[in-house]
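Here is my notebook from an afternoon with one model. I looked things up one at a time and jotted down what came back.

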Amino acid sequence: MIVGMNESNPKPEVLYKDDKKISIALMATFVTLTAQYFILVFFDLSGLNVSSRIQLLSKGVVAMVFLYALPSVLKRSRIKFFVIYMLTTIVLLFHYLIFEGNRPYITDMMIPIFTMSLPGFIYASCIRDFAVFKSTMKKAANVVFFIGLLLTLLIFTGRASIGSYSMAFSYYMLLPAIMFTDDFLDKFSFKMLAFDILSIIIILSLGSRGAILCIMVFTLLKFFRRNAKLSNVRLIGDLSLIVVALIMLIYLDQILVYLYGFIGKFGINSRTLRIFLSQGLSLSGRDTIYESIVSEILKHPLFGIGIGGDRNVLGGAYAHNILIEIIANYGIPLGIVVILFIFINILKALLRKDPFDYSIAIIWLSLGFVHFMVSGSYIVDIRFWTFLSVILNITRNNSQIKNEAL
């Protein structure tokens, strides 16, 4: 929805084609990783030598799609592309030289940073029409949902297994869950509601709690501000949703017990449901991780422990909290500045008057930020960098192209 600085009155068809290519490149990661996961699970290849070849092949597919869109990106942001890569190289080299213990972890992070994180940030910054981007997101969500549903059926019929749970699978299914929720709350489509419920049940049965948290945050943000006309039908629908939500909240334990028992008949022992049904808050060892990293930060408050420092302290594990990880990477003063920068831009995006911009902002907030409060590492995850770039793109969007979501 932004006219490119390097373009002079671009033709609509050229603008559309370039946005389409860039959008496909960004969403190819979701589809390819889901397909890769399906193959590894269905053929029970995890841990075998052939699994690394399949993972390499999937990375090659994503790389080809990124290369396909690269001319469109360079046409719009050639200088930005090279400046960002140069600055990132300088920062990583500085940390590599200063923090000797972090060197093996910085080396391991370089490939995902340069091939996924930076492209995600740069490509998302080049999108001019978010309607095209959202249309591509919907299509990618449908493909991911189909693959995920097929894999779930295979797991429930005993033809495949993922063990007690899969964090990766739940975050793959998060994309369709959020896109279906978005469509349902805008249009009250019962088809979208059915798909949404299926996605959430899959996550509850086979995935992790983090994805559920993301869905809850998105639903709350979406419900109180939607791109839908105020009408009697909407008012009735809203009241119905509130009543249903209250009933579900009151009988939540019974619902979870029933679901746990139902999927148990298929041999599924859901770790997430067990945790939800247990008494008290389970941090799954994160409290120990947080204490270890915070202790090291307090020993080095000014400059922190460097990029990869959390891996060095934890023997290869990461901080499981983006705020702690940022402060650990850059020290308390600079870390707080970075965190304030992120939250200020999130707030500015959420306060945008354009409901379409708001919709895109909360979708990517839920896809690429919320779960980093409890899991993952922002440095090597394309979802975070796409989220950050989308938020910055929205907050700096002064000339808008008023398009309806495709």
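**Entry 1: α4 against α6**

I began with a crossing: α4 passes α6 in a left-handed one. For handedness I use this rule: left-handed if the near helix is turned anticlockwise from the far one by less than a right angle, right-handed if clockwise. Helices here (H or I, at least four residues) and strands (E, at least two) are DSSP runs, numbered from the N terminus.

A note on provenance: this is a predicted model, where local features need pLDDT of at least 70 and side-chain atom pairs count only at pLDDT 80 or more, while totals for chains, interfaces and linings use all residues. Residues are numbered from 1 along each chain as its sequence is written, and side-chain values use heavy atoms, with hydrogens and water left out.

Next I looked up the geometry of the pair. Two packed helices are described by the angle between their axes and the distance between the axes. Helix α4 (residues 130-156) and α6 pack at about 50°, with axes 11 Å apart. That makes α4 oblique to α6. The axes are lines fitted to C-alpha atoms, for helices over the stretch in contact, and angles run from 0 to 180 degrees between N-to-C directions. The classes are roughly parallel under 35 degrees, roughly antiparallel over 145, roughly perpendicular from 65 to 115, and oblique for the rest.

Which residues meet in this pair? From α4 I listed F145, G148, L149, T152, I155 and F156, and from α6 F195, L198, S199, I202, S205 and L206. Contact means heavy atoms within 4.5 Å. By class I got 8 nonpolar, 4 polar and no charged residues. My classes: Ala, Val, Leu, Ile, Met, Phe, Trp, Tyr, Cys and Pro are nonpolar, Asp, Glu, Lys and Arg are charged, and the others, Gly among them, are polar.

I also checked α6 by itself. Its 17 residues (190-206) reach 24 Å from first C-alpha to last, close to the 24 Å expected at 1.5 Å a residue. The expected span is 1.5 Å times one less than the number of residues. Its buried residues are M192, D196, S199, I202, I203, L204, S205 and L206. Buried means under 20% relative accessible area, exposed over 50%, and partly exposed in between (1.4 Å probe, protein chains only).

**Entry 2: α7 against α15**

Helix α7 (residues 209-223) and helix α15 (residues 355-368) pack at about 165°, with axes 9 Å apart. That makes α7 roughly antiparallel to α15. I noted a right-handed crossing for α7 and α15. C214, F218, L221 and K222 of α7 meet Y358, S359, I362, I363, L365 and S366 of α15. That contact has 7 nonpolar, 2 polar and 1 charged residues.

I ran the length check on α7 too: its 15 residues should span 21 Å, and the end C-alpha atoms are 21 Å apart, which agrees. Among the buried residues of α7 are R209, G210, C214, F218 and K222.

α2 and helix α3 (residues 103-125) pack at about 140°, with axes 7 Å apart. They are therefore oblique to each other. The crossing is right-handed, and the contact divides into 21 nonpolar, 5 polar and 2 charged residues.

Within α2 (residues 49-98) I picked out S58. Is S58 buried or exposed? S58 is buried, at 7% relative accessible area. Leaving aside neighbours within four places in sequence, S58 is in contact with T32 and Q36.

**Entry 3: two positive phi values**

Most residues other than glycine have a negative phi, so I went looking for exceptions. D44 has a positive phi of about 55°, and sits in the loop between α1 (12-42) and α2. D44 is exposed, at 60% relative accessible area. H320 has a phi near 65°, in the loop between α12 (309-314) and α13 (322-330). At 14% relative accessibility, H320 counts as buried.

G335 lies in helix α14 (residues 332-350) and is buried at 0% relative accessibility. Not counting residues up to four places away in sequence, G335 touches I326, I327 and Y330.

Last, the totals. I found 16 helices and 0 strands. Buried residues make up 50% of the 406 residues.
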